[in-house]
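Open the structure in your viewer and keep the selection panel at hand.

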Amino acid sequence: MKAQIQNMNPILANAMLKSNRGNRKLRKETVSFYATQMLNGEWKENGEPFIVDCNGQIKDGQHRLHAVIKANHSYNVPIITGVNPSVMDTIDTGANRSLSDVLNLNDFKDANATASLVKRILKWQRNVNPLRQGGDEGATKMSNSKGLEYAQENAGMLKTLILTLKPLYLKSNKAFTLTEVAFVLYIISNDGAKITDTTVEFCKQLLAIATVEGNSADYIHRLKLNSKQSKSSLNSYWLLAVIIKGWNNYVTGDPVVRYIRWDLKSTFPNIIKI
């Protein structure tokens, strides 16, 4: 085997891909994700090599090669050549690090909750549905580097959101997850900048720690609890709109409600800030 550092660029990537035979099926969403990182200046020279066997066939790196071409990007990378053609079953078998793993390595407390909350916030900022689980692929997927950068820049705010609600969540019936309700607190508190007794009280009522029978928070909590107990799913985009409408009701008199309506074809409601 031989190892050398080369400048990977679209011309070299095209040449290498001509020998790409018998590799796993190309995942376009992965190529799009890598290319987006390259275009946004987030791609890092981390030493992860391209691996080529003694017949010139690529054993690891085809998605990165396609991304280099798609993004018209170049970077320095190790290239290992001359490996045995039968090694494919030993390559790329380890578990990828999650954002939670990265935050934990950077000494964040409540790393799992913080990672989940960061993902929700950054989805919200990119106009991607923040309450939806999964489905965040390709150009909309968030890199661990981006998540870590946001977490480090907003560590105090994230810690306050989680520590404010964690003890309340632990006493609740878990209709909402901790990070779902923490995200709600974030958006109704002027992006976490103005957490007040009023915003926290609304979240307490969503968790049914404090209850005002028949008000908006009570209605939303019962919706979520019924969904969980019946193992049926609510449309997450619709649910977020209903939560925002419920908050708007809450801060404009908190009337008793029989239901909160919102149609998926309607304009998404604005949040009343206090």
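Select Arg64 and Phe50. Arg64 lies over the face of Phe50, 4.4 Å from the ring centre. Here a charge sits over a ring if NZ of Lys or CZ of Arg is within 6 Å of the ring centre and within 35 degrees of the ring normal. Next, select Lys174 and Tyr169. The charged end of Lys174 sits over the ring of Tyr169, at 5.2 Å from its centre.

A note on the model before moving on. It is predicted: local features need pLDDT of at least 70 and side-chain atom pairs count only at pLDDT 80 or more, while totals for chains, interfaces and linings use all residues. Residues are numbered from 1 along each chain as its sequence is written, and side-chain values use heavy atoms, with hydrogens and water left out.

Now show Phe33, Tyr34, Trp43 and Tyr75. Ring pairs link these four residues into a cluster. Rings of Phe, Tyr and Trp (its six-membered ring) pair if their centres lie within 6.5 Å. A search of the whole structure finds eleven aromatic pairs.

Move to helix H11, residues 236–250. Helices are DSSP runs (H or I, at least four residues), numbered from the N terminus. Which angle do H10 and H11 make? Helix H10 (residues 216–230) packs on H11 at about 160°, with the axes 8 Å apart. Axes are lines fitted to C-alpha atoms over the stretch in contact, and angles run from 0 to 180 degrees between N-to-C directions. H10 and H11 are therefore roughly antiparallel (over 145 degrees). H10 passes H11 in a left-handed crossing: the near helix is turned anticlockwise from the far one by less than a right angle, whereas clockwise is right-handed.

Colour the contact (heavy atoms within 4.5 Å). H10 gives Ser216, Ile220, Leu223 and Lys224; H11 gives residues including Trp238, Val242 and Asn249. Six residues of this contact are nonpolar, three polar and one charged. Ala, Val, Leu, Ile, Met, Phe, Trp, Tyr, Cys and Pro count as nonpolar, Asp, Glu, Lys and Arg as charged, and the others, Gly among them, as polar.

The crossing of H9 with H11 is right-handed.

Finish at helix H8, residues 178–188. The axes of H8 and H11 come within 11 Å and cross at roughly 50°. Select Phe183, Val184, Ile187 and Ile188 in H8: they meet Leu240, Ile243, Ile244 and Trp247 in H11. This contact has eight nonpolar, no polar and no charged residues.

Methods: Helices (H or I, at least four residues) and strands (E, at least two) are DSSP runs, numbered from the N terminus. Angles under 35 degrees count as roughly parallel, over 145 as roughly antiparallel, 65 to 115 as roughly perpendicular and the rest as oblique. Rings of Phe, Tyr and Trp (its six-membered ring) pair if their centres lie within 6.5 Å; planes under 30 degrees apart count as stacked, over 60 as edge-to-face and the rest as tilted.
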